[in-house]
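Please have the sequence and the coordinates open while reading.

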Amino acid sequence: MAKTQRLDLVTPEKVVFSEEVEFVVTPGVEGELGFLPEHTPLVSALKTGVLKVQQEGKTFKVATSGGFVEVKNSRVVVLADTAEREDQIDVERAEEAKKRAEERLAKGSQEIDESRAEAALQRALARLNATGKH
Ligand code: ATP
C-alpha cells in the first residue's frame with residue numbers, strides 16, 4: 001500500500017472533498033506544487049487552475065479558483081473560492097461563461113470591468129481544462 005495523506009478541499013459553500021490520497025498537485029501562483037505524504041510544512045497562494053489528485057492509483061482533476069494551500073503533518077488543506085471535481089463540471093455552462101467573458105474582453109470598452117471578465121475567463125478555462133474539453 002502506498003503512503004497516503006489527507007486532502008481537504010474546502011470552499012465557503014462546502015467541503016468538496018476530504019479523503020486519503022497519495023499525491024496532490026496544486027496550481028500555485030508561481031507554478032505547480034506537488035505534495036507527497038510527509039511534505040515539509042508550507043503555505044502558498046493558489047491561482048485559478050487545475051488541481052490533480054492521485055487516489056488508489058487513479059488520477060482525477062479538480063478546477064479551483066483563488067485561495068491557498070496549507071500543508072502540515074501529512075495533511076493538505078486547500079481553501080479555494082470555488083472547486084469542482086471534473087465529474088461535477090457542467091461543460092456547457094463553462095463554455096457559455098467563457099464566451100461571455102471573451103466577448104466582454106473583446107469589446108474592451110470602459111463599460112466592462114476587465115479584471116472581473118478576465119477572472120471569469122480563467123475560471124471557465126480551468127473548468128474546461130479539468131474536463132479535458134479545452
Ligand atoms: P457562471 O457565469 O456560469 O455562473 P462563474 O465562474 O461566474 O460561472 P462562480 O461564481 O465561479 O461561477 O461559481 C458559482 C457557483 O457555481 C460555485 O458553487 C461553482 O462551484 C459553481 N459553478 C460555476 N460554474 C460551474 C460549472 N461549469 N460546472 C459546475 N459548477 C459550476
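This is a predicted model: local features need pLDDT of at least 70, side-chain atom pairs count only at pLDDT 80 or more; totals for chains, interfaces and linings use all residues.

How many Å separate an oxygen atom of the ligand from an N or O atom in the side chain of arginine 93? The separation is 2.9 Å.

- At arginine 100, a side-chain N or O atom lies 2.7 Å from an oxygen atom of the ligand.
- Glutamate 13 places a polar side-chain atom 2.9 Å from a ligand oxygen atom.

**Burial and location**
- The ligand on its own exposes 600 Å², and the protein buries 71% of that area.
- The largest pocket is where the ligand sits.

**Composition of the shell**
- The residues around the ligand are Glu13, Thr82, Glu84, Gln88, Ile89, Asp90, Arg93, Ala94, Ala97, Arg100, Arg123 and Arg127.
- Sorted by class, the shell holds 7 charged, 3 nonpolar and 2 polar residues.

**Secondary structure and domains**
- At least two shell residues come from each of strand 10 (82-85), helix 1 (91-107) and helix 2 (114-131).
- Helix 1 gives the largest share of the shell, with 4 residues.
- Domain 1 (5-86) and domain 2 (90-131) each contribute at least three residues to the shell around the ligand.

Note on methods. Residues are numbered from 1 along each chain as its sequence is written. Side-chain values use heavy atoms; hydrogens and water are left out. A residue is near a molecule or strand if one of its heavy atoms lies within 4 Å of it. A polar contact is a pair of N or O atoms within 3.5 Å; within protein, one must be able to donate a hydrogen and the other to accept it, and residues adjacent in sequence count only if both atoms are side-chain atoms. Accessible areas come from the Shrake-Rupley method with a 1.4 Å probe; for residues, only the protein chains shown count as cover. On a 1 Å grid over the protein atoms alone, a cavity is a set of points where a 1.4 Å probe fits but cannot get out, and a pocket is an open set with protein on both sides within 12 Å along at least five of seven lines; lining residues have an atom within 4 Å of a point. A molecule sits in a cavity or pocket if more than half of its atoms lie within 2 Å of its grid points. Ala, Val, Leu, Ile, Met, Phe, Trp, Tyr, Cys and Pro count as nonpolar, Asp, Glu, Lys and Arg as charged, and the others, Gly among them, as polar. Domain bounds come from an automatic or database domain assignment.
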